[in-house]
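Here is a protein chain to get to know. Have a look around before reading on, and then we'll walk through it piece by piece.

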Amino acid sequence: MRKNSHQAIALLLLCLALLAPAGCGGHPKAVLTPVADTVPGSDRVNMLIATTRGRSEVPGEMFTGERARAPAFADITVSIPAVRKVGEVAWPKKLPSNPATDFATLKADEIPLDDAKSWLSATVRKSPDRSVLVFIHGFNNRFEDSVFRFAQIVHDSGVHSAPVLVTWPSRGSLLAYGYDRESTNYTRNALETLFQYLAKDKEVKEVSILAHSMGNWLALEALRQMAIRNDGLPAKFKNVMLAAPDVDVDVFRSQIEDMGSQHPRFTLFVSRDDRALAFSRRVWGDIPRLGSIDPETDPYKQEMADNRITVIDLTKVKAGDDLHHSKFAESPQVVQLIGARISDGQTLTDSKVGLGDTILAGTTGVAAAAGSAAGLIIAAPVAVIDADTRDNYANHVIGLVGQSTAKQKIAVKECSSKEAAGRDPACGAQ
């Protein structure tokens, strides 16, 4: 009886998802098919991609939200339209993208490890201070989401560092929180390997790290591992910017302690109205998330001072993200502050965005049900109005009742051929 009821609920929810109007928001997917450079004078961002995502067979998608056994690399160039609000990603309304009005992909090539090293060397030499900016995206991000967002941040901040995007296997669904969290753990060693390479590369003089949301857990864990392995972090790791970090405050204390006293300069972006972190707080036992603390109250105020952590409160900053979770990128002032921090070594202050007020009080009481039948019932209305949730909703419902038509791929090495062994560092290539 319980099984039949479970299936009935699932089928009902599937019908709700399928009945959701197709035109309710969202934007075209698979936008990474290169288009002609019809606006030669447009600004553009060329970035290196390092990813643990699986390869996609869908044209214009490149990488999926599933896990690959070994990292892959790509060289991508995105053009930025001249007329656009600062902080905004101008997603194309239809395909192909129009470089005059949209963010448009001009180049998207997967490259082997040696070419990735060559790209980094050549790009660092063009940087005025021989610096690298590593961006690690957060929860609920498709591959193309992270590419276009990073292009926006690099362009709007005016940073002159070599831009490196680290993108981990996120399924881009509000219902895949647990999977995404485990994917950050899965990517931890790969990110540390990148950090170790940057530390040893004599051409790289300075490294800055910008992480968002769940990506902060990945960044902090990789730095912690590196510090333990190397008995400290290299001096060239100058700035670590933690934007809306989805990290347990107690765990953060231990991570900072493990890094030692000579850690990078940390800048923490918090927001007391961040609904995504309210969700996360409920999932993780009602312990405050680092991105929602009140930096003017103890013990946080003293701890931040003791560890020389600058805190920027974005609560009063207005941004377009309905969850108030991407303010660090969508606020022109904040993006400029990020650029100043990276490019000029300036200390971020509270003069433009304000500090203080009270700890985040609003929590969502339904988060613990995510991934269950109850969670899908709660999420059904979201699927009607949120295009990204709608895209994944049917798969979650089918998976819940064990009737998935597509078996989940497990990350495995692809070392059967000499060619694969040569391009895949996990297959023993030196």
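Where do Arg 253 and Asp 250 both lie, and how many residues apart are they? Both are in helix 6, three residues apart, which is about one turn of the helix.

The chain has a mean pLDDT of 73, with 60% of its residues at 70 or more. Where pLDDT is low, the predicted coordinates should not be read in detail.

Nine strands make up an open sheet, and if you walk across it the order is 3-2-1-5-4-6-7-8-9, with mixed pairing. Strand 3 and strand 9 (309-313) are at the edges with a single partner strand each, so one side of each has no neighbour in the sheet. From one strand to the next, the twist averages 20 degrees.

Now pick out strand 1 and strand 5. They run parallel and are joined by four bridges. Ile 49 stands opposite Leu 165 of strand 5. Helix 3 (residues 143-157) lies across several strands, among them strand 1, strand 2 (63-80) and strand 4 (131-136), and it runs at about 150 degrees to strand 1.

Start with Pro 163, which sits in strand 5 (residues 162-167). Its relative accessible area is 6%, so it counts as buried. Setting aside neighbours within four places in sequence, Pro 163 is in contact with residues including Asn 46, Met 47, Leu 48, Trp 119 and Phe 150. Ser 131 is 32 residues from Pro 163 in sequence, and their C-alpha atoms are 9.0 Å apart.

## The nonpolar cores

The largest nonpolar core has 47 residues, and the members that touch the most others are Val 132, Val 134, Ile 136, Phe 195 and Ile 209. Helix 5 gives the largest share of this core, with eight residues. Take Val 132 as an example: leaving out neighbours within four places in sequence, its contacts include Leu 120, Val 124, Val 164, Leu 198 and Val 207.

There is also a second, separate core of 32 residues. Leu 32 turns up again here, along with Met 47, Ile 76 and Val 89 among its members.

## Salt bridges

The salt bridge count comes to 10. One of them joins the side chains of Glu 110 and Arg 55, at 2.8 Å from N to O. Glu 110 is in strand 3 (residues 104-111) and Arg 55 is in strand 1, so the pair ties together parts that are 55 residues apart in sequence. Both ends are partly exposed: Glu 110 has a relative accessibility of 39%, and Arg 55 has 41%.

Another salt bridge brings together the side chains of Arg 224 and Asp 258, 2.6 Å apart from N to O. This pair links distant parts of the chain, with Arg 224 in helix 5 (residues 215-230) and Asp 258 in helix 6 (residues 249-259), 34 residues apart. Arg 224 is partly exposed at 25%, as is Asp 258 at 34%. Finally, back to the opening pair: Arg 253 forms a salt bridge with Asp 250, and their closest N and O atoms are 2.4 Å apart. Arg 253 is partly exposed at 24% relative accessibility, and Asp 250 is partly exposed at 40%.

Note on methods:
Residues numbered from 1 in each chain as written. Predicted model: local features only at pLDDT ≥ 70, side-chain atom pairs only at ≥ 80, totals over all residues. Heavy atoms only, no water. Helix = DSSP H or I, 4+ residues; strand = E, 2+ residues; numbered from the N terminus. Buried < 20%, exposed > 50% of the residue type's maximum accessible area, 1.4 Å probe, protein only. Contact = heavy atoms within 4.5 Å. Salt bridge = Lys/Arg side-chain N within 4 Å of Asp/Glu carboxyl O. Pairing = 2+ DSSP bridges. Axes fitted to C-alpha atoms, helices over the stretch in contact; angles between N-to-C directions. pLDDT = per-residue confidence, 0-100. Core = buried A, V, L, I, M, F, W, Y, C linked by side-chain atoms within 4.5 Å.
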